[in-house]
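Trainee: Can we go through the labels on this model together? I'd like to know what each one rests on.

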Amino acid sequence: DGDKWQYTRGEEDLVTSTISGVIIRHQVTRAYFPMAYDPRESSPPACFSRDGNTGEGNPGGDCLTCPLNKFETKLDAKGNPGKAKACTEHRELFFLMAGESLPRRIVLPPSTLKPAKTYLRGKLGTAGLLPSSSVITELFLTKAGQGAMSYNTVGFRMAGRLGPATAEQARQFGLYTKAAMTRATGDDMVTQNTDGVVVEELPAA
């Protein structure tokens with residue numbers, strides 16, 4: 001099931017090829033973990049950015065000029081530099097699925113940044129330039145690479161449009177979510193120390 005979504009709803013474990021909902025908000029974030037990813041560890045990042053522009057922690061400051069935001073600065077478990085950036089860029093989607101009252105936070109890995117950027121900047125098929133909060137989006141997984149080096153990328157497909165009133169409600173919900181996420185801390189970004197796709201349920205306020 002490597003190319004299927006796995007998530008829980010209540011006490012039910014679900015496995016589906018696609019998930020459908022509304023992207024009420026999306027944002028670029030960054031997180032720097034000095035140590036290589038270890039699934040047994042869950043420590044917060046040394047530095048993180050809620051908006052992709054300003055880092056908080058060590059080293060902190062302007063993300064765009066930070067030396068950790070350069071390619072070939074990320075070290076592997078043996079301390080050898082690879083091709084990636086030491087400070088990893090992610091895109092977070094706040095995805096409201098049908099029948100649910102709270103959005104899920106979906107953390108997209110670097111491998112999905114380009115298709116996400118293309119879709120979210122308004123290239124929504126034949127619908128024209130529409131905000132993501134006004135359409136129903138299907139997300140699907142595609143496996144890339146081979147063997148131990150395989151990974152998933154996320155694909156985007158517009159499945160329909162919301163009516164004007166529902167679209168406005170989704171937009172307002174997105175603004176509320178933005179205000180709530182300005183209070184995020186490094187502890188909220190522990191799951192970003194991975195190159196995989198992360199799906200999390202947001203806690204009730």
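This is a predicted model: local features need pLDDT of at least 70, side-chain atom pairs count only at pLDDT 80 or more; totals for chains, interfaces and linings use all residues.

Trainee: What makes glutamate 89 and arginine 30 a salt bridge?

Mentor: The cut-off is a Lys or Arg side-chain nitrogen within 4 Å of an Asp or Glu carboxyl oxygen. Here the N to O distance is 3.3 Å, so the pair qualifies under that cut-off. Glutamate 89 sits in strand S7 and arginine 30 in strand S3, so the contact ties together parts 59 residues apart in sequence.

Trainee: Why is arginine 30 called buried?

Mentor: Buried means under 20% relative accessible area. Arginine 30 has 6% relative accessibility, so it counts as buried.

Trainee: And why is arginine 157 called partly exposed?

Mentor: That label covers the range between 20% and 50%. Arginine 157 has a relative accessible area of 38%, so partly exposed is the label. Its salt-bridge partner is glutamate 138, with the closest N and O atoms 3.1 Å apart. Glutamate 138 is partly exposed too, at 22%.

Trainee: What makes S3 and S4 a pair of strands?

Mentor: Pairing takes at least two bridges between the strands. S3 and S4 (residues 47-49) have three, in the antiparallel sense, so they pass. Arginine 30 stands opposite serine 49 there. With S7 (residues 87-97), S3 pairs antiparallel over eleven bridges.

Key: Residues are numbered from 1 along each chain as its sequence is written. Side-chain values use heavy atoms; hydrogens and water are left out. Helices (H or I, at least four residues) and strands (E, at least two) are DSSP runs, numbered from the N terminus. Buried means under 20% relative accessible area, exposed over 50%, partly exposed in between (1.4 Å probe, protein chains only).
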